[in-house]
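Reader: I would like to go through the labels on this model one at a time. Please set each value against its cut-off.

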Amino acid sequence: MKDIIEKDKEVSRRELLRGAGVVAVGAAIATVASSPLIKTAEAKGTGNSFGYKKLDVDKVGWAAYENYGKVFCAQTVVGALVGELSREVGGQWKEYPVESAFWGHGGITGWGTACGTLIGAGTVVGLALDDKKVAEKVVNDIMAYYAYTNLPVYKPEKIVITDIKSRSKAETPLCHVSVGKWMKKENVKFFSKARKERCGRIAADIAMHTAMLLNQVADGKYKPGHSINAKTYGITAQENCNECHGKNVPTPPTQG
């Protein structure tokens with residue numbers, strides 16, 4: 001009799017645990033269902049993107065420029081574009097954590113690699129477009145614009161930090177070389193108001209150029225303007241490696 005009672009207790013215990021498991025799973029499903037993680041269908045994208053509507057390029061530029069110094073290059077570009085997209089598209093853009101891009105400043109926490117404006121621009125393009133092949137071409141064109149344009153082009157109606165005189169062509173997406181060339185031309189130090197002003201204006205340039213290209217995609221008028229460097233050189237590269245590497249440039253093996 002005692003054995004039967006113990007068996008009955010064990011069965012009851014298993015049923016209780018099984019029931020608790022069902023409740024726990026049900027609670028977990030309910031929690032996930034209410035989570036922002038599955039709100040893709042509510043956004044105006046198609047599930048693979050947050051969606052995009054044409055933006056006012058001037059508004060984007062001013063937002064990027066005005067906020068530089070409060071937050072730096074990557075975050076201010078993300079913030080300018082996402083801010084406008086939050087108003088125009090809504091959905092997931094309203095929930096995107098703009099501050100998560102804080103680390104992109106100074107070529108990634110001051111390491112002088114790719115300019116933070118490019119990191120910010122690429123982040124938004126990747127979220128805005130479904131077609132990742134087109135998105136990659138857009139980012140490639142933004143990189144080329146940064147490298148081969150005399151920047152900054154942007155001239156604010158109201159100067160936030162200080163006035164500057166010079167423009168320079170970086171011929172590279174690298175923060176270290178880009179800012180260094182401009183500093184030499186303007187004859188200023190890195191921790192100067194002039195250099196901060198320059199980077200704020202370049203943030204505006206890149207945010208505006210990104211919005212312009214995305215607007216072209218939205219209109220069905222976008223045509224890639226720059227070739228893919230890896231296809232051109234047979235290795236991931238930029239066109240002015242010698243500025244940094246001298247004779248120690250990594251090269252692909254001889255073909256044939």
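Reader: Why is Glu171 called partly exposed?

Author: This is a predicted model, so the value is computed from predicted atoms. Glu171 has a relative accessible area of 38%. Partly exposed runs between the buried limit, under 20%, and the exposed limit, over 50%. Glu171 is therefore partly exposed.

Reader: What makes the pair of Lys181 and Glu171 a salt bridge?

Author: The closest N and O atoms of Lys181 and Glu171 are 3.5 Å apart. The rule asks for a Lys or Arg nitrogen within 4 Å of an Asp or Glu carboxyl oxygen. The pair meets that rule, so it is a salt bridge. Lys181 sits in helix α6 (residues 175-186) and Glu171 in the loop between α5 (132-148) and α6, ten residues apart.

Reader: Which class does Lys181 fall in, and why?

Author: Its relative accessible area is 23%. Buried would need a value under 20%. Lys181 therefore counts as partly exposed.

Reader: How do you know that Lys54 and Asp219 form a salt bridge?

Author: Their closest N and O atoms are 2.9 Å apart. The limit is 4 Å, so the pair qualifies.

Reader: What does the pair of Lys54 and Asp219 tie together?

Author: Lys54 lies in the loop between α1 and α2, and Asp219 lies in helix α7 (residues 193-219). The pair therefore ties together parts that are 165 residues apart in sequence. Lys54 is partly exposed at 45%. Asp219 is also partly exposed, at 37% relative accessibility.

Reader: Why are Arg201 and Glu197 called buried?

Author: Buried means under 20% relative accessible area. Arg201 has 6%, so it counts as buried. Glu197 has 0%, so it is buried too.

Reader: What joins Arg201 and Glu197?

Author: Their side chains meet in a salt bridge, at 2.7 Å from N to O. Both residues lie in helix α7, four residues apart, about one turn of the helix. Salt bridges that share partners also join Asp163, Glu197 and Arg201 into one network.

Reader: How many salt bridges does the rule give?

Author: The count comes to five.

Reader: Why is Thr117 called buried?

Author: The relative accessible area of Thr117 is 1%. The limit is under 20%, so the label is buried. Thr117 belongs to helix α4 (residues 116-128).

Reader: Which residues is Thr117 in contact with, leaving aside neighbours within four places in sequence?

Author: Its partners are Cys73, Ala74, Val77, Tyr146, Ile202, Ala203 and Ile206.

Reader: How many helices and strands are in the protein chain?

Author: There are nine helices and zero strands.

Reader: How much of the protein chain is buried?

Author: Buried residues make up 39% of the 256 residues. The protein chain exposes about 15,200 Å², and carbon and sulfur atoms supply 57% of that area.

Reader: What share of the contacts joins residues at least 24 apart?

Author: The share is 67%, among contacts between residues at least 6 apart in sequence.

Conventions
Residues are numbered from 1 along each chain as its sequence is written. This is a predicted model: local features need pLDDT of at least 70, side-chain atom pairs count only at pLDDT 80 or more; totals for chains, interfaces and linings use all residues. Side-chain values use heavy atoms; hydrogens and water are left out. Helices (H or I, at least four residues) and strands (E, at least two) are DSSP runs, numbered from the N terminus. Buried means under 20% relative accessible area, exposed over 50%, partly exposed in between (1.4 Å probe, protein chains only). Contact means heavy atoms within 4.5 Å. Accessible areas come from the Shrake-Rupley method with a 1.4 Å probe; for residues, only the protein chains shown count as cover.
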